[in-house]
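Here's a quick briefing to read alongside the model. Have the viewer open and follow along.

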Protein chains: 2
Amino acid sequence: MRRRGNHIRQGKDKTVIGKKVAVVGATGAVGQEMLRCLEDRNFPVEQIKVFASSRSAGKTVRFKGREVEIEEARPSAFTDIDIALMAVEADQSKEFSPVLAKNGAVVIDNSSAYRMDPDCPLVVPEINPHAISRRPKGIIANPNCSTIIMNVPVWPLHMANPVKRIIVSTYQAASGAGKPAMDELAESARLWVEGRPIVPKALPYQLVMNLFSHNSPIGENGYNSEEMKMVNETRKIFNAPEMAISATCVRVPVMRAHCEAVWLEFAQPMSEARAVEILRQAPGVRILDDRKANRSPQPLDASGQGDILVGRIREDISLPGRGISMFVAGDQLLKGAALNAVQIAELL
Amino acid sequence: MRRRGNHIRQGKDKTVIGKKVAVVGATGAVGQEMLRCLEDRNFPVEQIKVFASSRSAGKTVRFKGREVEIEEARPSAFTDIDIALMAVEADQSKEFSPVLAKNGAVVIDNSSAYRMDPDCPLVVPEINPHAISRRPKGIIANPNCSTIIMNVPVWPLHMANPVKRIIVSTYQAASGAGKPAMDELAESARLWVEGRPIVPKALPYQLVMNLFSHNSPIGENGYNSEEMKMVNETRKIFNAPEMAISATCVRVPVMRAHCEAVWLEFAQPMSEARAVEILRQAPGVRILDDRKANRSPQPLDASGQGDILVGRIREDISLPGRGISMFVAGDQLLKGAALNAVQIAELL
């Protein structure tokens, strides 16, 4: 039974102490979903603080039926917080997160700032919840969205039969580039319909009726940083530093759910039937794979869903007996970002 | 020098005999591009006949500045034709192509009807032009669009260093499902912008702001028929029956150019520099790969282009020294269909 305004919540068989929670970057696409996840999942919030840029300060956001005033995100304001959910860019996180942690908050950071820091756990609750216990900096990193969406279904397969190599190509939604990119996609759809010129601003190129290689910097080895996040973060989350992974990341004209075509090479023989059996029992996974109806995960199916949808599960005919291919879809803003962060907070 | 209305064209150093050419399915997306390719490439047409369904009979299409009346496609009309370009569905091709061939035409068929027939060559002019010489049925098959677009850049690499395995995921445009699908994508964009419900008809699901696994039937092995075309047709065109190939084919909200993320495994060591050098000299290939500017092939670049664009060329870090990954884009209606068919006609 939940009583609003009281910081003690009665669970079925235990008393839950309410937390003082802050969402930093509360007006962005991920920040707004964080507030929604806290609310939808009945996270025990004793007090909520919401921070954004000075532009938004003084405006309000709605949380649990009431208006909460947005404060300007600046270090001096970060006091009396138990858990800080960070939905800001990496450079801002580097400025804010250590202050929050020093002031006693556990920081759950959605940016890339601390993901590869050996002193910050990188956590997907279905995979490595135990990792949160060692957090000398007080900061827990939330993985890259494409990484989480791939890892949730790959992990249980890897536990059953070690995955030696992953090949993945992504179909990433506009939401991964933030609210301005989502707005730009919607606006450019209107311009396209009206036959008017499209001038991209938030995105580097026209996205409507087009697609392009992910617009993160390309490194020495020819991979862009989004692709290397999928490689390095998966290795860290799985504690599999030798796992061979190659990714091609592509932005497609879709609003908020990422899809991925995944090929897995296993150390031991792996049948399609066994893969399906494992995935059917996997936490956070829902199979959508009707061959007769030709029905498999689509971005519209995954939008607004917490689970990762998996379909097109089949033996890889180019690697008989050792390979599985599948197609996955997940909401970039939910399991790819906000939901995973709130699930980490629940582990605390 | 070209003189209109005369069936003798003077080439630089030879006399070209004009041909009596028919386009069957002339009102469809591919048929229209076939007419345009014949015109743009100055194909020596002595006489053009255009056929479509009875619905379109009596209407006209424009060819070389004049209106040509559309005839109803029916076997009795298929006389006095040298070359027939078929842009119809497989079942119609099976009805029409043998009649045309019996009446003396060389048939170039864009459908899947004869592609795997051992008595019909399956031709990409940059790859196996010699194959056209043996055509006991008088029918030459034009490969699947995704297959052609992948094969043009893969072939020269395979010639330099045998490709053992191909992994490919596609980003396929609406045009692959025909003109009704292109119209539906445009119309659904308008409905989306207006916030009105989208009811797919030509396509199985909403495509705008969404994507879905290719809507061809899924077979016993879990692969859909589009994917198996890429596997089987590539093996036939390359004369490489043992080549390991796995494809995942996906329809994306793009009008007319397909993209593909491709991973190649080579028999011998292969460097990125060597792959780039080979692709730079490859016929029908244009490299678009600026890492600093993060510029690689997009559907809008490839639309209206005859070449296959290749970018993101890099060593596959999951297969050091033996793998190359790349991203390709090609116009589905041109090199993926009409242009390739007209190039085959030019070989005759």
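## Strand 8 and its sheet in chain B

In strand 8 of chain B, Ile83(B) finds Val106(B) standing opposite. The model is a predicted one, where local features need pLDDT of at least 70, side-chain atom pairs count only at pLDDT 80 or more, and totals for chains, interfaces and linings use all residues; side-chain values use heavy atoms, with hydrogens and water left out. Residues are numbered from 1 along each chain as its sequence is written, while chains are lettered from A and ligands numbered from 1 in the order in which they are written. Helices (H or I, at least four residues) and strands (E, at least two) are DSSP runs numbered from the N terminus.

**The seven-strand sheet**

- Strand 7 and strand 8 of chain B run parallel and share 4 bridges; two strands count as paired if DSSP finds at least two bridges between them.
- These strands belong to an open sheet of 7 strands in chain B, with the order 5-6-4-3-7-8-9 and mixed pairing.
- Strand 5 (60–63) and strand 9 of chain B are at the edges with a single partner strand each, so one side of each has no neighbour in the sheet.
- On average, neighbouring strands in this sheet are turned by 30° against each other, direction ignored. Axes here are lines fitted to C-alpha atoms, for helices over the stretch in contact, and angles run from 0 to 180 degrees between N-to-C directions.
- Strand 5 of chain B pairs with strand 6 (residues 66–72) of chain B in the antiparallel sense, over 4 bridges. Thr60(B) has Glu69(B) in strand 6 as its bridge partner.
- Strand 8 of chain B is covered on both faces: Val106(B) and Ile108(B) are buried on one side, and Val107(B) and Asp109(B) are buried on the other. Buried means under 20% relative accessible area, exposed over 50%, and partly exposed in between (1.4 Å probe, protein chains only).
- Helix 2 (residues 90–102) of chain B lies across strand 3 (19–24), strand 7 (83–86), strand 8 and strand 9 of chain B, at about 155° to strand 8.

- Look for Ser111(B) in the loop between strand 8 (106–109) and strand 9 (139–141) of chain B. Ser111(B) is buried, at 5% relative accessible area.
- Its side chain makes a polar contact with the side chain of Asp109(B), at 2.8 Å. A polar contact is a pair of N or O atoms within 3.5 Å; within protein, one must be able to donate a hydrogen and the other to accept it, and residues adjacent in sequence count only if both atoms are side-chain atoms.
- A polar atom of the Ser111(B) side chain also lies 3.0 Å from the backbone nitrogen of Ala113(B).
- Leaving out residues up to four places away in sequence, Ser111(B) touches Val88(B), Glu89(B), Ala90(B), Ser93(B) and Asn142(B); contact means heavy atoms within 4.5 Å.

**The six-strand sheet**

- Chain B also has an open, mixed sheet of 6 strands in the order 12-10-14-17-16-15. Its edge strands are strand 12 (244–248) and strand 15 (285–287) of chain B, each pairing on one side only.
- The twist averages 25° from one strand to the next.
- Strand 14 (residues 257–266) and strand 17 (residues 323–331) of chain B run antiparallel, joined by 9 bridges. Glu260(B) stands opposite Val328(B) in strand 17.
- Helix 3 (residues 145–160) of chain B packs on this sheet, touching strand 10 (163–171), strand 14, strand 15, strand 16 (308–315) and strand 17, and its direction makes about 35° with that of strand 14.
- Helix 5 (residues 225–238) of chain B packs on the sheet too, touching strand 10, strand 12 and strand 14, with its direction at about 150° to that of strand 12.

**Two asparagines with positive phi**

- Asn239(B) has phi near 50° and lies in the loop between helix 5 and strand 12 of chain B. Asn239(B) is exposed, at 66% relative accessibility.
- Asn294(B) also has phi near 50°, in the loop between strand 15 and helix 7 (299–302) of chain B. Asn294(B) is buried, with a relative accessible area of 11%.
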